[in-house]
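This report concerns a single protein chain. Please consider the sequence and the coordinates shown here before reading on.

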Amino acid sequence: MDQTGRQAPNRPASVRPVTPRQRAARAARNGGEPTLEFAERVPYDAYVQASTLHQLQQPLSSDPGEMSFLMVSQIMELYFGLTCHELRETQRLIRADQVWEALAPLGRAKLHLEGLNAAWQGLRWMSPADFNRFRNLLGEGSGFQSAMYRQLEFLLGLRDQTLIRPFRRQTEVHAALTAALATPSLWDDVLALLARHGFDLPADLLARDVAVEHEPQPLVEAAWVRIYDDAGPDNHLRLLGEALSAVAEEFGDWRWNHVKAVQRTMGAKVGSGGSAGLAWLQRSMARVVFPELWSARTAM
């Protein structure tokens, strides 16, 4: 167990803890030069698994641009997973009424989403002609089928049970997505937090089926108006609202950047996964993350 009482993660065999005294002694022996000889695997590689990461790219064509498309897609997958990790930690803290502590993982999630958005820059070179050189080789493969992106959407409260159907034959992935749908979203946990803090929210809202997407409620909007009326430094709920807003903004930027990338490379063609492509993405942007945080601003 670690100091928080949670199970300590497994450490790669080649990664051994080093104390400051041991580090200083090694530096003295090396005369200030880096260590160049190791009995086993290089510790950096054992920890980061870099040699494994760099074997995960398997382009389907000889077109040099495909590697950009493939690796940027993989980078985005890693950012999806990292953001999910931070949002789940936020949920854990909010459920424990540790609002101040929840601001840290939310802040990290916002920064990870900034990195996710920056990843689009690596594909701005791609024209329709560039994409068409290898697009047909992707078959029915589409970002629409990203299970980790669905996890991220579910955590943020965007829920559609039909979107887990493509994973029915991947039993572990399907089970994880089904479990995510049955678990309250971050927004659901925030609403429960507001109720615990004395805000009058409908009982049926707090007891609703969390697998169904939340619909905006006037009493939730009114709660945020009251929260924002107190600009004092000890109003952690207002700080929470701002941190959630920042996450929602960055996620909205990612969705808009996705629309722009599709416009640039495909126009209004049918999507690789069979969707209406651009039109489907544009419709999906009408679903708002943390809706009452935005509508409440009209009444502030």
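The sections below treat the overall fold, the surface and the salt bridges.

## Overall architecture

The structure is a predicted model. Taken along the principal axes, the C-alpha atoms occupy a box of roughly 65 × 55 × 35 Å.

The protein has 300 residues, 38% of which count as buried. Where contacts join residues at least 6 apart in sequence, 71% of them are between residues at least 24 apart.

## Surface and charge

Phe 38, Val 42, Tyr 44, Tyr 47, Val 48, Leu 53, Leu 56 and Leu 78 form a nonpolar surface patch of about 810 Å². The most is given by helix α2 (residues 43-48), which supplies 3 residues. Val 48 is located in this helix, α2, and its relative accessibility of 31% places Val 48 in the partly exposed class. Patch residues must have over 30% relative accessible area, a cut-off that the 31% of Val 48 passes.

In the whole structure, 12 salt bridges are found. One of these joins the side chains of Arg 92 and Glu 89, at 2.7 Å from N to O. The two residues are 3 apart in helix α4 (residues 66-95), and therefore about one helical turn separates them. Arg 92 is partly exposed, at 38% relative accessible area.

A salt bridge also connects the side chains of Arg 95 and Asp 189, with an N to O distance of 3.0 Å. Because Arg 95 belongs to helix α4 and Asp 189 to helix α9 (residues 186-196), this pair ties together parts 94 residues apart in sequence. Arg 95 is partly exposed, with 41% relative accessible area, whereas Asp 189 is buried at 7%.

Asp 97 and Arg 196 form a further salt bridge, in which the closest N and O atoms are 2.9 Å apart. Asp 97 lies in the loop between α4 and α5 (99-119) and Arg 196 in helix α9, so this pair links distant parts of the chain, 99 residues apart. Both residues are partly exposed, Asp 97 at 39% and Arg 196 at 43% relative accessibility.

## A salt-bridge network

Asp 63, Asp 130 and Arg 133 are connected through a network of salt bridges.

Terms used:
Residues numbered from 1 in each chain as written. Predicted model: local features only at pLDDT ≥ 70, side-chain atom pairs only at ≥ 80, totals over all residues. Heavy atoms only, no water. Buried < 20%, exposed > 50% of the residue type's maximum accessible area, 1.4 Å probe, protein only. Contact = heavy atoms within 4.5 Å. Patch = residues over 30% accessible without salt bridge, like charges linked within 9 Å, V, L, I, M, F, W, Y side chains within 5 Å. Areas by Shrake-Rupley, 256 points an atom, 1.4 Å probe, with all protein chains shown as cover. Salt bridge = Lys/Arg side-chain N within 4 Å of Asp/Glu carboxyl O. Helix = DSSP H or I, 4+ residues; strand = E, 2+ residues; numbered from the N terminus.
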